[in-house]
Amino acid sequence: MTSRERLTTVLKGQIPDHVPVAPDTSNMIPARLTGKPFWDLYLYQDPPIWKAYIDCVKYFGFDSLMDGYVPILFDELGEINREWTQAIVFQNNERIVTQAYRKSGGITEWQPWVTVYYRADPPTYGIDPEAIRLPKIPNSFAPVEGVRQWPEGEALLSMVKKEMGDHGLVGVFCGTSLVLVNDKDILDFMDDPVPFYQKRDNMLEAYEKRFHHFMSLECKPDFICTGSSGTLIFQSPSIFRELALPIVKKITALCKSVEMPTHVHSCGPEAELVKIMAEETDLTVIDPLEIPPMGDCNLKELKKLYGDKLVLKGNLHTTNVMLRGSVQDVKDAARQAIDDAAEGGRFILSTGDQCGRDTPDENIFALIETAKTYGKY
């Protein structure tokens with residue numbers, strides 16, 4: 001089987017030739033493999049992170065479930081904002097700081113936050129400039145020049161799918177499992193929940209339109225991503241039920257009606273979320289099923305409880321095993337995960353969230369080789 005065939009088989013609840021293996025390399029490892037400063041990828045799009053990710057997939061040879069790494073946005077849905085212009089407000093050998101501005105009626109308006117692009121780490125967004133000793137309004141700035149241009153909308157989706165080929169499946173974001181995204185949201189919700197209910201309804205309406213637009217395209221995504229990192233960190237299960245669950249239920253039901261697989265990624269505590277998704281939604285696959293202390297999942301137990309309803313994807317420890325462990329540690333942990341969850345299919349061997357930048361290549365290769373040999377059906 002090709003990677004594409006293997007993943008498609010598993011998402012349909014059928015048995016592949018061997019356990020699919022899709023380590024979460026996400027951003028940091030693909031960026032590191034380019035040998036370039038990380039700001040080349042994130043700011044200058046040279047190459048964009050999605051291209052680096054696909055190159056990473058081909059380098060290691062794993063089965064890619066590319067869960068929303070490429071921003072597919074549409075002018076016709078009002079998703080592309082061309083009103084704001086990014087400017088460089090600080091730069092040295094280790095970081096580039098940008099801030100967006102727009103001009104209206106001869107007045108320049110600056111956004112109240114900045115983005116910090118690092119040489120060897122992914123960027124940090126939404127930073128108060130004063131927190132990094134920069135003024136709210138920059139004293140001087142320079143244009144961002146040399147950004148590579150790429151297609152948008154369906155043309156970009158088509159390019160990405162062609163680039164991925166048989167190496168995996170390409171997913172796009174449409175939906176969310178998270179409405180409260182920071183500590184301020186939590187306090188504001190407790191003071192007055194009404195604006196957040198309105199936000200939920202507005203988001204649901206927008207996501208429904210986005211779903212139908214995707215389904216109208218000649219080039220469709222392979223699956224829909226409708227999760228969010230840390231779903232149960234800034235939301236209790238009860239708040240999740242009130243705010244985000246209606247979105248997940250609606251999008252997964254729409255997708256099921258057209259046989260489109262759906263995916264939720266939610267790092268952090270997730271055991272209760274797995275239960276809700278299995279019993280109350282039409283979700284297809286969920287990850288990363290982190291173990292303590294980052295998460296609260298027991299892969300063997302989740303397989304026993306929900307393995308007939310959900311495809312489980314996970315869950316080797318990203319620091320103790322993947323980053324700091326030996327090749328043998330990785331093989332042992334991979335075999336254990338296969339023993340715990342591979343029987344009957346509906347399992348994708350992966351990591352418990354994104355592998356760190358300095359994860360040894362040989363550990364990732366060991367994970368992949370174990371799936372191909374020990375994970376044979």
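**Note on a predicted model**

1. Thr252 is placed in helix 9, which covers residues 245–257. The model is a predicted one, and every point below should be read with that in mind. Thr252 is buried, because its relative accessible area is 0% and buried means under 20%. Leaving aside residues up to four places away in sequence, Thr252 touches Thr226, Thr262, Thr281, Asp282 and Leu283.

2. Thr359 is found in the loop that runs between strand 13 (347–351) and helix 14 (361–373). Is Thr359 buried or exposed? Thr359 is buried, with a relative accessible area of 1%. Its contacts, not counting residues up to four places away in sequence, are Ile29, Arg32, Met322, Leu323 and Ile364.

3. Asp353 is not a glycine, yet it has a positive phi of about 85 degrees. The student may wish to locate this residue in the structure above.

4. Another loop, between strand 11 (285–287) and helix 11 (299–306), deserves attention; Pro293 has its place there. What kind of peptide bond joins Pro292 and Pro293? The bond is cis, with omega at about 5 degrees. Leu289 is found in the loop between strand 11 and helix 11 as well. Although Leu289 is not a glycine, its phi is positive, at about 60 degrees. Leu289 is also buried, with a relative accessible area of 0%.

5. A cis peptide bond also joins Asp46 and Pro47, and here omega is about -5 degrees. Pro47 sits in the loop between helix 3 (38–42) and helix 4 (49–60).

6. The next point concerns a strand residue. Arg95 has its place in strand 3, made up of residues 95–104. Arg95 touches Trp39, Phe90, Val116, Tyr117, Tyr118 and Ile132, when residues up to four places away in sequence are not counted. Arg95 and Phe141 are 46 residues apart along the chain, and their C-alpha atoms are separated by 15 Å.

7. The packing of two helices comes next. Helix 6 (residues 183–191) and helix 7 (residues 194–216) pack at an angle of about 115 degrees, and their axes are 7 Å apart. The two helices are therefore roughly perpendicular to each other, since angles of 65 to 115 degrees count as such. Which residues of helix 6 meet helix 7? Asp185, Asp188 and Phe189 in helix 6 meet Phe196, Tyr197 and Lys199 in helix 7. Sorted by class, this contact of helix 6 with helix 7 has three nonpolar residues, three charged residues and no polar ones.

8. Empty space inside the model can also be examined. Rolling a probe the size of a water molecule over the atoms shows where such space is left. How many cavities of 30 Å³ or more does a search of the whole structure find? The search finds one. The largest cavity has a volume of about 60 Å³. Its lining consists of 13 residues, and Pro23, Tyr53, Leu65, Tyr69 and Lys313 are those that lie nearest its centre. Strand 1 (residues 64–67) gives the most to this lining, with three residues. By class, the lining of the largest cavity has six nonpolar, two polar and five charged residues.

9. Helix 1 (3–11) and helix 10 (271–280) each supply at least two residues of the lining. Which helix provides the largest share of the lining of the second largest pocket? The largest share, three residues, comes from helix 1. The lining of the second largest pocket divides into nine nonpolar, four polar and eight charged residues.

Definitions and conventions:
Residues are numbered from 1 along each chain as its sequence is written. This is a predicted model: local features need pLDDT of at least 70, side-chain atom pairs count only at pLDDT 80 or more; totals for chains, interfaces and linings use all residues. Side-chain values use heavy atoms; hydrogens and water are left out. Axes are lines fitted to C-alpha atoms, for helices over the stretch in contact, and angles run from 0 to 180 degrees between N-to-C directions. Helices (H or I, at least four residues) and strands (E, at least two) are DSSP runs, numbered from the N terminus. Angles under 35 degrees count as roughly parallel, over 145 as roughly antiparallel, 65 to 115 as roughly perpendicular and the rest as oblique. Contact means heavy atoms within 4.5 Å. Ala, Val, Leu, Ile, Met, Phe, Trp, Tyr, Cys and Pro count as nonpolar, Asp, Glu, Lys and Arg as charged, and the others, Gly among them, as polar. Buried means under 20% relative accessible area, exposed over 50%, partly exposed in between (1.4 Å probe, protein chains only). On a 1 Å grid over the protein atoms alone, a cavity is a set of points where a 1.4 Å probe fits but cannot get out, and a pocket is an open set with protein on both sides within 12 Å along at least five of seven lines; lining residues have an atom within 4 Å of a point. Grid points are joined across faces, edges and corners, and a volume is the space filled by probe spheres set on the points.
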